[in-house]
Amino acid sequence: MDADSDVALDILITNVVCVFRTRCHLNLRKIALEGANVIYKRDVGKVLMKLRKPRITATIWSSGKVICTGATSEEEAKFGARRLARSLQKLGFQVIFTDFKVVNVLAVCNMPFEIRLPEFTKSNRPHASYEPELHPAVCYRIKTLRATLQIFSTGSITVTGPNVKAVASAVEQIYPFVFASRK
Amino acid sequence: MPGGRVCAACGCAEIEVDAARGDAVCTGCGSVLEDNIIVSEVQFVENSGGGGAGRSARAPGRGLQGSAGKTPTLGGGFHANLGKESRAQTLQNGKRQIHHLGNQLQLNQHCLDTAFNFFKMAVSKHLTRGRKMTHVIAACLYLVCRTEGTPHMLLDLSDLLQVNVYVLGKTFLLLARELCINAPAIDPCLYIPRFAHMLEFGDKNHEVSMTALRLLQRMKRDWMHTGRRPSGLCGAALLVAARMHDFRRTVKEVIRVVKVCESTLRKRLTEFEDTPTSQLTIDEFMKIDLEEECDPPSFTAGQKKLKIQQLEKALSKKLEDFEGEISSYQDEIEIELENSRPKAKGVFANFTKDDSIEDTTPGFPREEEADEELEAAANHLNKDFYNELHEKDGGEKREVGEYKNGNEALVRPPALESLLGPLPTAASLGITESIKECISTNYREPGENTGDGELDLSGIDDSEIDRYILNETEAQIKAELWMKENADYLKEQKEKEARIAKEKELGIYKEHKPKKSAKKREPIQASTAGEAIEKMLEQKKISSKINYNVLRDLNSKGSNTPKKEDDSTDDSTNTKKLSRRKSIASRNIANPVNSVGKRLRPLISTQLAKKAATEEVTFPNAQAEASDVEKTAAVLVESGPVAYNPDEEVEEEEIEEDDDHCMSALQLMGGNGELGC
């Protein structure tokens, strides 16, 4: 039963955040002046560079650390990161692409039924926390996977985790609980 | 009970009462007769309501508590407690704030006490670090409200404190999680009486409340309340209830009481309108309860969207289908025209099985060729290859193309379809392209990982990246634009630099370095525990009532004198507990006695928790009363050989004052010691 429903459920990855290092000091001013698609935030000391092909936004610091957000899959994230490094290379910096790591993955999933949130919170006490005054969803944390799920009463679930696998297994884990509290 | 008139030990009538410390000490023998004297004075203390309350009996401030003084209650209400432990101060401060806030919320004493307990737990788990005290206090109070079920909202607390509700909420959630306290979910029904009271329904208050409650329950069953702020629902229910009982309450009035936005209230009302219950008349509503339950409004909205999307999809599908049909007719015609190979059917048969492209039926050369071509397709990225395929056995491919829907990845047919047919095949072409990319990325990956960070350029289109780099004129324009945009910030920076330069000239430039959190003290280098303690006390200077210089001198003579530390040594039979203000006194006693050669009872000081303020002094007897010394040495916590130099002591003797009393005391002791030994 669970396996069937997993197949039926489609988990849409909406955002993948990754980091990498260029191992060289970057002159933000130069990037800002010569890049065509950059925003220079001098007060915080970073440059935002947006790529079109894999639609990603990268935050570049002068230390050489780069954070890349907006990709829709892990492969795309890596691809975009490499493109970015390539464009930095073209600008004249001695860029070395190291320490690539996917830091966060955000996915959305829809259950075919509604969920009773107060009931769900009661039966999942330590993990689930629900404050209707603050946020309309139940926040369920899975410590072992380091994943957080936001469960809405309409049955839509937003999952964030360190990688795509964790996200998938988090959804699998939560399914029986959510099914128990369905409308 | 010598209320200070005659000392029990020595019979001396000269008793000194120190009001500040609350002690009564005999000036003859130095024994403490009374501790914690209750002073009958009237003291005005401000209570949490801001009013004053007179306290008629108090224990004077225990400013000299040592680390043993964990009880913060003594002398509470004072501000001028010196030397009180930080922890005690924090708790006291917290308690005061809790009472202050709690009274504003009209919480009863039990709630306030529970809140204080939560606060104590939070402090012990270091949850107050890095957070504003007020936030933590508010969170504790709200936790109590939740567990007790009082009709207080987080919004109320944030109103009182003028703090963002979400910030408070974050602190509250953290506190609940850390303390493992499960706050029961909030029920909007709890708020009804409170809001009803505020809306002033007069006599009919109760009836209106009941109606509103029923409405709320109905809303719950209709799934309107999940994920919504309880106050919004309450507002809507009360508004309708009021109207039902002929009370003219406008939306604005309700909003002011309930603290939600007008649009929220309207939305709730509209949602309720959508439920079938809204169609009932007032009487009917009171009597009947509809059985069916509704879906939550956001769900229905979502469903509507889905339906529209599905409709659109269906429409576009139909279009595609038609086009597909046309193209398939085309194909069939062409096939029948060109079809000459009977064995082609075999190909069909093979393809109707799932993904049997790999299966090679013996004696079917076409299949093998297909295999080769397939592999070649997998390896090459070149589009021209498709043209080659097309040129070859076009007929066969087309046939196979019809079965494209049955087959999955790595299939040639879709590629050909794209060259032949219109729209639908373009999609399949797109698929194959991305599939190719996936395959090639797989090949790329291992190569990159094994490299030492060198950038793998395959797949990166350099020309496209070149477009990302501006040429000179563009760069100039951009620089100008940026300067204009960030003019303010740049101005600020310039001013700051100018200011710094000026200050430097004048020589008053202060480097504002980030504050170092703690004073870094040098680690104390000492050979004995006693020395270490002495040095530490020198640095710290805990109490103002001890003459450290004198103590230091004493210590330099070579004996250990713990001033305020817990010296939990066992009482040996030789000990006699002395309390002294100035430990010098006892020191001096030793001297003449020593010189006289009397047998001294070594005095070991023990600090008892109850006699916190009393100071006791150790000075082991260095004279070779072997057994005694060894015994006491064994008992002493602070070991350390002590050299007791009688000569130096004699010198000191002259300097010191208080001789007479001390003399007599020690003489007494000497006498008693023999007895008490």
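Predicted model: local features only at pLDDT ≥ 70, side-chain atom pairs only at ≥ 80, totals over all residues.

User: Fine. How many helices and strands are in chain B?

Analyst: The secondary structure of chain B comes to 27 helices and 5 strands.

User: And what share of its residues is buried?

Analyst: Chain B has 677 residues, and 39% of them are buried. Its accessible surface is about 40,000 Å², with 53% belonging to carbon and sulfur atoms.

User: Now the strands. What is the strand order in the open sheet of chain B?

Analyst: The order is S1-S2-S3, and the pairing is antiparallel. Strands S1 (15–18) and S3 (32–34) of chain B are at the edges because each has a single partner strand, so one side of each has no neighbour in the sheet. From one strand to the next, the twist averages 30°.

User: How many bridges join S1(B) to S2?

Analyst: There are 4 bridges between S1(B) and strand S2 of chain B, which covers residues 23–26. In one of the pairs, B:Ile15 has B:Cys26 in S2(B) as its bridge partner.

User: You mentioned a cysteine. How many disulfides are there over all chains?

Analyst: A search of the whole structure finds 0. A disulfide is a covalent bond between the sulfur atoms of two cysteines.

User: Is B:Cys180 buried or exposed?

Analyst: B:Cys180 has a relative accessible area of 63%, so it is exposed, the cut-off being over 50%. A:Cys139 has 16% relative accessibility and therefore counts as buried, which requires under 20%.

User: Switching to helices. How many residues does H1 of chain B have?

Analyst: Helix H1 of chain B has 19 residues, 86–104. From first C-alpha to last it reaches 27 Å, close to the 27 Å expected at 1.5 Å a residue.

User: Which residues of H1(B) are buried?

Analyst: Among them are B:Ala88, B:Leu91, B:Ile98 and B:Leu101. The buried residues of H1(B) pack against helices H2 (109–124), H3 (133–148) and H4 (154–161) of chain B. After H1(B) comes B:Gln106, with a positive phi near 60°.

User: One last residue. Where is B:Leu470?

Analyst: B:Leu470 lies in the loop between helix H19 (462–467) and helix H20 (472–485) of chain B. B:Leu470 counts as buried because its relative accessibility is 16%.

User: What does B:Leu470 touch?

Analyst: Leaving out residues up to four places away in sequence, B:Leu470 touches A:Leu33, A:Glu34, A:Gly35 and A:Ala36, along with B:Ala475 and B:Lys478.

Definitions and conventions. Residues numbered from 1 in each chain as written. Chains lettered and ligands numbered in written order. Heavy atoms only, no water. Pairing = 2+ DSSP bridges. Helix = DSSP H or I, 4+ residues; strand = E, 2+ residues; numbered from the N terminus. Axes fitted to C-alpha atoms, helices over the stretch in contact; angles between N-to-C directions. Buried < 20%, exposed > 50% of the residue type's maximum accessible area, 1.4 Å probe, protein only. Contact = heavy atoms within 4.5 Å. Areas by Shrake-Rupley, 256 points an atom, 1.4 Å probe, with all protein chains shown as cover. Disulfide = S-S within 2.5 Å. Expected span 1.5 Å × (residues − 1).
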